[in-house]
Amino acid sequence: MDSVDIKILDILQRNAEQQVAHIAEQVGLSATPCWRRIQRLKEAGVIKGSVVLLDPQKVNVAVTVFVSVRTSTHTREWFERFTATVHAIPEVVEFYRMSGDVDYLLRVVVPDIAAYDAVYKRLTEGTNLHDVSSSFAMQELKQTTALPLGYIPH
């Protein structure tokens, strides 16, 4: 990847709805070479897809809950069952296996505490969890889907 590819990625991850001609103008290319670069980045898996970002308030999921999970069971069978349970809960929008004191971290979006309670019950039903700790976000201070591009070797 060269500096033009990086500029294209920066533009696209901030607004993927722009016309190729407009992106090309911003990076100093004509439309066809710019389109080819975008296609190459897609084929290489650098660009994984394009999405529309929704306003959580307007779709009634403005409450964000960070859920820390600790378990005393680490078998493959348990992991597969727990992973399947988490994947079946649409309110879980991020799911990580962690190092340190917490085994798993989930980000959950819901309209209110009652809705979170229903998610909590689905999460803990049938899975052997040692500890589940929920922290409700009081205020979002920064949120972005844009990744830092300064670490790309060129």
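Mentor: Helices (H or I, at least four residues) and strands (E, at least two) are DSSP runs, numbered from the N terminus. On that basis valine 51 lies in the loop between H3 and S1. This is a predicted model, in which local features need pLDDT of at least 70 and side-chain atom pairs count only at pLDDT 80 or more, while totals for chains, interfaces and linings use all residues. Residues are numbered from 1 along each chain as its sequence is written, and side-chain values use heavy atoms, with hydrogens and water left out.

Trainee: Why is valine 51 called exposed?

Mentor: Its relative accessibility is 67%. Exposed means over 50% relative accessible area, buried under 20%, and partly exposed in between (1.4 Å probe, protein chains only). Valine 51 therefore counts as exposed.

Trainee: What places leucine 54, and is it buried or exposed?

Mentor: Leucine 54 sits in the loop between helix H3 (31-43) and strand S1 (63-70). Its value is 60%, so leucine 54 is exposed.

Trainee: Which residues make the nonpolar surface patch?

Mentor: Val52, Leu54 and Val59 make it, with about 300 Å². Patch members have over 30% relative accessible area and no salt bridge; like charges are joined within 9 Å, nonpolar side chains (Val, Leu, Ile, Met, Phe, Trp, Tyr) within 5 Å. The areas come from the Shrake-Rupley method with a 1.4 Å probe, and for residues only the protein chains shown count as cover.

Trainee: How do you know that aspartate 2 and arginine 37 form a salt bridge?

Mentor: The closest N and O atoms are 2.8 Å apart. The rule asks for a side-chain nitrogen of Lys or Arg within 4 Å of a carboxyl oxygen of Asp or Glu, so the pair qualifies. By this rule the count comes to 8 salt bridges.

Trainee: What makes the pair of aspartate 5 and arginine 37 a link between distant parts of the chain?

Mentor: The two side chains meet in a salt bridge at 2.9 Å, N to O. Aspartate 5 is in helix H1 and arginine 37 in helix H3, 32 residues apart. Aspartate 5, at 2%, is buried, and arginine 37, at 18%, is also under the limit and so buried.

Trainee: Why are arginine 14 and aspartate 10 said to be about one helical turn apart?

Mentor: Because they are 4 residues apart in helix H1. Arginine 14 has 57%, so arginine 14 is exposed, whereas aspartate 10 has 28% and is partly exposed.

Trainee: Which residues do salt bridges with shared partners join into one network?

Mentor: Asp2, Asp5, Arg37 and Arg40.
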